[in-house]
Amino acid sequence: MVITILIGIIVTIFAYFSGKSNNERYLFIAFSIIFIFLALRYDFGNDYMAYFDKFYEVDEASWNELRDVTGIDAIGESMEFGFIFLLKIFTVFSGYYFFIAFHSLLICLLFFYLIKNNVEIQYYWFAIFLFVFNPNLMLVELSALRQTLAILCFLFSIKYLINRNIVKYLLFILLASSFHLSAIILIPLYFLFTPKPVGKYEPIIYIVLFLFFMFFGSLLLSPLESITSTYLPKYISYVDDGEKAILQSGFGIIIYSFIYLFILLFAKRENDREIVIYRIVALFIVLTPLSLALNMLSRLNFYFEPLLIVVIPQILSSNFNKTTKLFFVSIIVFMSLVSTYSHFKSPIYREKYNTYKTILTE
């Protein structure tokens with residue numbers, strides 16, 4: 001935990017220097033540090049060793065036998081063939097550690113360009129802080145290798161949502177689905193994530209839906225469980241007792257509700273890019289209460305949550321007074337640090353995240 005937090009502080013400081021010097025080089029240095037941190041990890045993250053074992057199982061199989069190694073008991077679900085095929089390619093000329101380094105490089109490159117192209121340079125520090133200290137971003141993505149590849153495909157495809165190139169968008173979503181089947185649900189969302197100007201009542205609709213799902217989302221448990229068991233049976237294990245999750249959320253739900261409602265009302269939507277990203281984040285916010293009641297939906301929300309590192313810093317470039325901005329930043333920083341601490345202390349993650357180990361010492 002200490003190493004991760006220290007790395008987070010260091011890269012945030014480097015990104016801050018980008019704003020002070022008006023030089024993107026420091027953002028590049030920050031992501032270079034993150035790359036080293038991610039690429040050299042060993043048995044860090046819940047699924048690291050499960051994928052380690054699968055890699056060498058794939059290595060021992062012939063190309064004709066790949067269909068027989070798609071199951072994985074340690075993670076509790078079968079693996080998509082695209083991921084198995086990718087592992088096989090890497091077994092030909094490298095080992096598991098090189099695959100992890102490649103995976104880490106993709107994460108760093110994608111998020112580097114996401115921040116560089118969408119966030120004003122003086123707020124690079126805030127974007128990279130959110131990337132490191134939102135546990136559902138860097139910390140979860142370094143473990144969930146398959147879905148992270150699918151998430152990266154979706155993030156890359158956003159430019160085709162903006163340009164309305166449905167063919168290229170579909171190709172990238174199909175590629176994402178070959179790594180993680182959950183991405184298939186992103187296909188119809190092409191028609192929702194449009195650059196059409198946001199109407200004055202659209203944010204109100206999102207707010208009403210968010211509040212409705214907040215208080216009545218548990219009513220959807222049974223029908224969604226039925227749909228999941230019929231069409232996506234491999235994800236039925238992600239349907240859980242939502243009432244318990246909601247009751248345990250308490251203070252965090254209140255604070256995050258304030259943050260999300262603030263985003264829905266004040267996030268920038270002045271051009272095509274900002275409008276598309278706004279709608280993606282709006283769907284994330286609307287689905288968040290449901291994902292507490294139906295953990296299956298947290299899989300879907302993982303695709304949208306990374307855009308928070310764009311939208312939240314953009315809000316700071318709006319015409320709010322310094323006091324409002326400071327209050328907004330302080331709340332988000334505080335909740336991010338609390339979430340990170342809770343992640344490391346959670347009985348689910350504590351064993352595999354608390355101690356950072358590297359391949360150099362194993």
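Author: A definition to start: contact means heavy atoms within 4.5 Å. Helices are DSSP runs (H or I, at least four residues), as strands are (E, at least two), numbered from the N terminus. This is a predicted model, where local features need pLDDT of at least 70, side-chain atom pairs count only at pLDDT 80 or more, and totals for chains, interfaces and linings use all residues. Residues are numbered from 1 along each chain as its sequence is written, and side-chain values use heavy atoms, with hydrogens and water left out.

Reader: Good. Which residues of α6 meet α16?

Author: Phe126, Ala127, Leu130 and Phe131 in α6. Across from them in α16 are Leu308, Ile309, Ile312, Pro313 and Leu316.

Reader: How does that contact divide by class?

Author: Nine nonpolar, no polar and no charged. Here Ala, Val, Leu, Ile, Met, Phe, Trp, Tyr, Cys and Pro count as nonpolar, Asp, Glu, Lys and Arg as charged, and the others, Gly among them, as polar.

Reader: At what angle do α6 and α16 cross?

Author: Roughly 145°, with the axes coming within 9 Å. Helix α16 covers residues 308-316. Axes are lines fitted to C-alpha atoms, for helices over the stretch in contact, and angles run from 0 to 180 degrees between N-to-C directions.

Reader: Left-handed or right-handed, α6 on α16?

Author: Right-handed. A crossing is right-handed if the near helix is turned clockwise from the far one by less than a right angle, and left-handed if anticlockwise.

Reader: Now α17. How do the axes of α6 and α17 cross?

Author: At roughly 25°, and they come within 9 Å. α6 and α17 are therefore roughly parallel to each other. Angles under 35 degrees count as roughly parallel, over 145 as roughly antiparallel, 65 to 115 as roughly perpendicular and the rest as oblique. The crossing of α6 and α17 is left-handed.

Reader: Which residues meet there, α6 to α17?

Author: From α6, Trp125, Phe126, Phe129, Leu130 and Phe133. From α17, Val329, Ile332, Val333, Ser336, Leu337 and Thr340. By class that contact has nine nonpolar, two polar and no charged residues.

Reader: And α2 against α6, what angle?

Author: Roughly 15°, with the axes of α2 (residues 25-39) and α6 (residues 124-133) within 11 Å. That makes α2 roughly parallel to α6. The α2 and α6 crossing is right-handed. Leu27, Ala30, Phe31 and Ile34 of α2 make the contact with Tyr124, Ile128, Phe131 and Val132 of α6.

Reader: Switching topic. How many cavities of 30 Å³ or more?

Author: One. On a 1 Å grid over the protein atoms alone, a cavity is a set of points where a 1.4 Å probe fits but cannot get out, and a pocket is an open set with protein on both sides within 12 Å along at least five of seven lines; lining residues have an atom within 4 Å of a point. The largest cavity has a volume of about 40 Å³. Grid points are joined across faces, edges and corners, and a volume is the space filled by probe spheres set on the points.

Reader: What lines the largest cavity?

Author: Asn136, Val140, Glu141, Ala144, Gln147, Thr148, Ile151 and Phe302. The largest share, three residues, comes from α8. By class, the lining has four nonpolar, three polar and one charged residues.

Reader: How much space is in the second largest pocket?

Author: About 440 Å³. It is lined by 17 residues, and Leu110, Tyr113, Leu114, Leu155 and Phe156 lie nearest its centre.
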